[in-house]
Amino acid sequence: MEKRRFDKLGIDVSLLGFGCMRLPVSEDGKIDRPMAQEMLDKAIEAGVNYIDTAYPYHGGESELFVGEALKKYPRDSFYLATKLPVWFVNTVEDVDKYFNEQLAKLQADYFDFYLMHAMNRGSWRKMVEIGCVKRLEELKAEGKIRFLGFSFHDDYDAFEEIINYRDWDFCQIQLNYMDIDEQAGMKGYKLAEEKGVPLTIMEPIKGGSLAKCSDDIMEVFNSVRPGKSAASFALRYVATLPNILTVLSGMSTMEQVEDNLDTFTDFVPMEEKEYEAIDTIKQIMNSRIQNGCTGCRYCMPCPFGVDIPGNFSIWNRYHMYQNFDVVKWQWEGMERDGKTAKNCKECGKCEKACPQHLQIREDLKKALADLTRGKK
């Protein structure tokens with residue numbers, strides 16, 4: 001198993017991290033503990049030593065499972081990462097409340113990596129104001145946190161504000177070959193690298209979007225590295241970057257574990273021809289976009305409750321990846337909330353306001369038809 005070492009941390013971390021957000025589940029929706037245990041054991045046996053969970057994963061069950069699953073292993077044989085649910089934190093006392101609850105659930109005396117979870121500009125400023133950051137620094141000084149960081153979901157300017165606030169041990173961003181300009185993106189990666197802050201990476205496969213590819217895209221991959229999975233290219237794309245501590249993969253099946261272990265055992269960095277192949281694939285995916293909606297929202301609000309930009313975003317992503325599973329959760333939420341094109345009365349108000357001069361009414365009909373077929 002490929003390991004990464006940063007002088008700032010002084011430890012050897014597996015380049016593949018086991019993310020415990022998408023563990024296998026039984027028919028009742030609970031974690032399939034025997035299967036999840038088998039998967040985790042397989043990964044640890046192969047050298048994976050970074051185990052990542054969080055307070056809300058699997059409705060709170062993930063931390064309980066991880067705590068039980070890791071009992072058989074010496075505490076110094078793995079690195080345990082979890083995250084403070086900042087959306088529940090309103091006072092500095094809440095920091096200790098949730099921190100101690102997590103220690104109990106994970107059956108741990110300390111956390112190797114502890115993150116402020118899913119930070120954005122608003123939640124960050126609130127945490128500073130109530131003294132959360134200071135309290136976490138005190139917990140680190142007490143030895144209950146070895147490395148303090150944050151995970152991030154906002155724009156680059158917010159990322160810059162947070163990372164410049166203090167000398168972080170590490171931080172976690174979303175990064176994959178389709179999202180280099182989204183959120184912190186590659187610009188955020190470079191800033192962290194300049195500041196000497198190693199990164200853990202989430203969503204390297206974009207929630208599975210980059211693991212299930214159409215035949216024409218697989219032909220491009222096979223032309224440069226025959227027989228390797230689409231997921232392996234996505235993982236290697238980010239893992240080749242030098243300032244990456246670990247790449248998190250939320251594995252749901254033993255097949256995914258085995259494929260990821262194949263990717264990170266005797267790890268092979270990306271070659272120039274593979275970067276060129278990914279550029280080709282990005283062009284293919286982007287060519288499938290159905291309309292040019294920029295999400296400016298000049299068309300909103302719709303008098304009949306249709307989320308026009310939301311419909312188009314889902315429609316475009318469905319065609320880009322040619323996989324309904326990529327948008328299933330968002331589309332079903334739209335249906336549940338009555339925001340799909342089904343509610344469009346074709347009043348035309350949106351088209352008069354659209355700076356892109358899109359044929360919104362016609363495109364909404366197409367989106368509804370395509371996504372309805374995709375769901376079936």
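Author: One term before we start: a residue counts as buried when its relative accessible area is under 20%. This is a predicted model. By that cut-off, 53% of the 376 residues are buried.

Reader: What's it built from, in helices and strands?
Author: There are 15 helices and ten strands. The radius of gyration is 22 Å, close to the 21 Å the globule rule gives for 376 residues, so the protein is as compact as a globular protein of that length. Its C-alpha atoms fill a box of roughly 65 × 50 × 45 Å along the principal axes.

Reader: How many residues are in the largest nonpolar core?
Author: It has 116 residues. Among those with the most contacts inside it are F18, M116, F150 and Y177. Helix α9 gives the most to this core, with eight residues.

Reader: Is that expected or unusual?
Author: In general, nonpolar side chains in soluble globular proteins tend to be buried together.

Reader: Which residues does M116 touch?
Author: Leaving out residues up to four places away in sequence, its partners include L84, W124, L136, F150 and W168. There's also a second, separate core of 13 residues, including L9, F170, L245 and L248.

Reader: Switch to α10. Which of its residues are buried?
Author: α10 spans residues 254-264, and M254, V257, N260, L261, T263 and F264 are buried.

Reader: And what covers them?
Author: The cover includes β3, α1, α9 and β10. Just after α10, D266 takes a positive phi of about 55°.

Reader: Why flag the phi?
Author: Most residues other than glycine have a negative phi, and most peptide bonds are trans.

Reader: Where does E203 sit, and what is its phi?
Author: E203 is in the loop between β9 and α8. Its phi is near 55°. At 21% relative accessibility, E203 counts as partly exposed.

Reader: H357: buried or exposed?
Author: Exposed, because its relative accessibility is 68%. H357 also has a positive phi, near 55°, and lies in the loop between α14 and α15.

Reader: Which residues does the cis peptide bond join?
Author: M300 and P301, with omega about 0°. P301 is in the loop between α11 and α12.

How values were computed: Residues are numbered from 1 along each chain as its sequence is written. This is a predicted model: local features need pLDDT of at least 70, side-chain atom pairs count only at pLDDT 80 or more; totals for chains, interfaces and linings use all residues. Side-chain values use heavy atoms; hydrogens and water are left out. Buried means under 20% relative accessible area, exposed over 50%, partly exposed in between (1.4 Å probe, protein chains only). Helices (H or I, at least four residues) and strands (E, at least two) are DSSP runs, numbered from the N terminus. Contact means heavy atoms within 4.5 Å. The radius of gyration is taken over C-alpha atoms; the globule rule is 2.2 Å times the number of residues to the power 0.38. A nonpolar core is a set of buried Ala, Val, Leu, Ile, Met, Phe, Trp, Tyr and Cys residues joined through side-chain atoms within 4.5 Å.
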